[in-house]
Amino acid sequence: MGMTIAEKIIAAAAGVESVKPGDIHTVELDRLMSNDGTTHLTIDMYNNLKKPHIADVNKLVWIVDHNVPCDSVKTAASHKKMRDFAKANGIKFYEGAGVCHQVMMENHVTSGELIFGADSHTCAYGAVGAFGTGVGCTDYLYAMVTGHSWLLVPETLRFNLTGKLNKGVTARDLILTIIGQIGANGANYMAMEFGGEGLKTLNMSDRISICNLCVEAGAKTALMEVDDITIGYLKEHGRKPKHSFKSDDDAKFAKVYDIDLATIKPIVAKPHFVDSVVDAKECVGIHIDEAFLGSCNNGRIEDLRAGAAIIKGKKVHPLVRFLVVPASAAVYKQALDEGIIDTFMEAGAIVMNPNCSVCWGSCQGVIGENEVLISTGTRNFKGRAGHKDSFVYLASSETVTASAIKGEIATADMV
Amino acid sequence: MGKTIIQKIIKNNTGIDAKPGDIVTVNVDRVMIHDIFIPFVASKFEEMGFTKLWDADKVVLVYDHLVPASQVDDTRHFKIGNEFVEKYGMKNIHRSDGICHQLMTEAGYVKPGDIVFGTDSHTTTYGCVGAFSSGIGYTEMASILGTGTMWVKVPETIKVNITGKLPDNVMAKDIILKLIRDLGADGATYKALEFAGDTVKNMSVASRMSMSNMAIEAGAKCALFSPDEKTAEYCEITLTDKERDLVADSDAVYCKEINYRAEDFVPVMACPSNVDNVKPVDEIISNAEGGNIAVDQVFIGSCTNGRLEDLMAAAEVLKGKKVAPFVKLIVTPASRKIYRQAAKNGTLKILAEAGAMITHPSCGLCCGRAGGILTDGEVVVATNNRNFLGRMGTSKVSIYLASPKTAASCAIEGRITHA
Amino acid sequence: MDKFTGKVWVLGDDIDTDIIIPTEYLALKTVEDMAPYAFSPLRPELASKIKPGDIIVAGKNFGCGSSREQAPEIIKTLGVKCVIAKSFARIFFRNSINNGLLLIESGQLHDVVTEGDKVTVTINKCIEHNGNEYPIAALPQNLVDIINAGGLVKAMRKLNGLD
């Protein structure tokens, strides 16, 4: 019987011939990512172990990205704990280099790997065909100490992509449309697998954006077929695939969706749920106080270029705070070279150093009572971006930038 | 009897030949309010019964301490500020353009000889272009907004002469720190400082700004530099005769004169937790246990040292090098204009390549609300103006104030050192 | 002539405005909200211990640093009757007068007083402590005018014909 990509990665990591959904396997992990959201808790638990031990320190990557630079005495203490531990144990450590998932994609992840990340958006790594999944700190600690973990083999939802996105429509519109269609729990415990001819029209940035958001449909992981674009991306970053898996022709999927990319339209996810998706045009005219272009979902050079192309020669609305936050230091430097940073600065944007910013809602950029944010971030849950009584609309880089110019929700064709 | 610069400014403003100790009422040329205090200024203004600004064009509002907001109630200050601007017909508002003191001179709000008040102690900065500027509280600001006037006691003046050429590893910051050490944190309280000598004449306006900015740390009411061709170029003006005359008379009377030779200056730091606790960097190192003080973070920015020449000085040190492992370097340009200049001339790229985090222009870490807060036992070397207990996190954080060159060297080495 | 007695809290030299109220708390809505954090970097317990009528005695340069007017307002909100210091920073001095917080300069008291002592102040005349008298200077007339008007806000209200 054939296997899906998820099944193949688990089988390889478990050292068995084949696996099927519902099986539980002990798997060897390739990489363990943790960020400043929870690492301090992991360290506390680690220090309470009778025999503290790290199975393979080379597999650990720790990244400070949520509150960078540090914005309170409380986070300063947890950062210090993380930094001191990383230093003492020789753990690969980044601080201020960017949002964890982007840093991982640029520097570590490769096809066919099985990766735990103490962050829900770890599923982003599926963009290069790696099985990335978010775990809590207890699971993380166990994997850190033993080098392995147990995994329930998920069923797979297959998305066959055909056609090509129309101009002005983005990968983010695609994944938000899918989440709207299957619902916020439509892929609970499952893997979301993407393939087909349409995938070839999507670049690596688009792919990361799609996989990253799959957790918003409840997915355990997201996976894409490895192709020339994947290999090219890895090569550019000095890496080779561990495995280049595709699903077998006779692989069994829980459900197959056929999506013609040409049918996707610019959309907006309304407060307070990611699957509360409507045609962007329906939201046109809604007053905004802040706009955010950034995050692991949409803070790459392609996203900044898209925003810059729209805002060049125009100004941010005087009453709007337009936060532009490159997803990594590499993206920032590239954007400096291309003059994109200056385009945003000239327009009146607030260009922050690479970090999670208002997507995480507990650091600089937060919104206040009754304020409205339009965001390229990952979530629009109630209170996510700051005050408990505030509102977050999710949209593409283009829509967010256009809205920042107008001072109300607008699509790119309106500015 | 001859006049000091401050006496001339007051004479030009009031027509009175005032002498130190006299109390005079001056006509205010410009005021600056920033985001932290606008809610208080607005409420006091209305409580006082005023219904209009004395001159809306003379009022400047700057959001800088809370940009970007780090706490959910911060944006309330923007809301109140925006309402005030709208209600009273103000035009001069900067919502994310940088630090107030940088913008006041950079955006042309302050000219030589002006009398300017701001709701911030570092308002003394504008003395760099020969303006009498001083910090006040929000109640007095509200009263100026209604009346356009303010009472001041004419200060005595301390004259500081500096002659010669500074060593390469010394910046204006080292001079002002040394002066604060020599005067003490209250050594210039109620007094004006006046800077003169060829070292000062050869200095850029940006360097003069670092010095006038920190005069308050010796308690000074203001700190003045005579306007010259550099000032004219910076302000994009041609000096009038009156402005050109803002030079102390040869028979002016000073309460104190201090003379320095530029060659004698060395890189210094203000050690925790007072700005006047200044020591040569070499002495700090040699007195340290094991001859080493590890540094956890370096901050280059603020209204004291966040200008283009500061960023370029740091970049010169950092070029081709990397920030030490586990050490953070945070760079916060003082204004949008500076950020753009530094982006265009490659300075930001050099800093980013070295591993710096470059944040949006704002007060950043200097005001201790975000931008690199620290915890117990950590050491920060910073180019800003204050190292008070608890200013950048817990009261067990050690803050050392230094020049951008010294700070950049510390970032590379991960310990206290100098260029 | 005004005369009052209070219990003394003793602080050192250069008590800066960041100690009186750290920037972290400056965006709280009211001075009352901020008051519990007064002096927290130096003495976190102090704000809760100060009782109305108490007196703060400090060394030189009290109130140096920022222009934050919350500093004197908070001290007043805590009920402190007056601050007696060897000297005061200028902006703090103006802000205190404008808010009706009495400041008294005394070069001697700080050297002899112990926390918990009682001192008696006779305005514009002297401070009594342990049977000794320490003379104090009278305020300039223009400041007396502001204080007599009940602070700068009231003075301006009068100017605007409101009170």
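Mentor: What follows describes the side of chain C that touches chain B, and then the two domains of chain B. This is a predicted model, in which local features need pLDDT of at least 70 and side-chain atom pairs count only at pLDDT 80 or more, while totals for chains, interfaces and linings use all residues. Residues are numbered from 1 along each chain as its sequence is written, and chains are lettered from A and ligands numbered from 1 in the order in which they are written.

The predictor assigns the complex an ipTM of 0.97 and a pTM of 0.96. For chain C the mean pLDDT (the predictor's confidence in each residue, from 0 to 100) is 93, with 99% of residues at 70 or more. Within chain C, helix 7 (141-149) has the lowest confidence, a mean of 81, and strand 2 (55-58) the highest, 98. Helices (H or I, at least four residues) and strands (E, at least two) are DSSP runs numbered from the N terminus.

Contact here means C-beta atoms, placed from the backbone, within 7 Å. On that basis 33 residues of chain C meet 41 residues of chain B. Two or more residues each come from helix 1 (17-20), helix 5 (90-98) and helix 8 (152-159) of chain C. Helix 5 of chain C gives the largest share, five residues.

Chain B itself is split into domain 1 (5-262) and domain 2 (269-413), with bounds from an automatic or database domain assignment. Their centres, taken over C-alpha atoms, are 24 Å apart. The contact between them involves 33 residues of domain 1 and 30 residues of domain 2 of chain B.

Notes:
Two residues are in contact if their C-beta atoms, placed from the backbone, lie within 7 Å.
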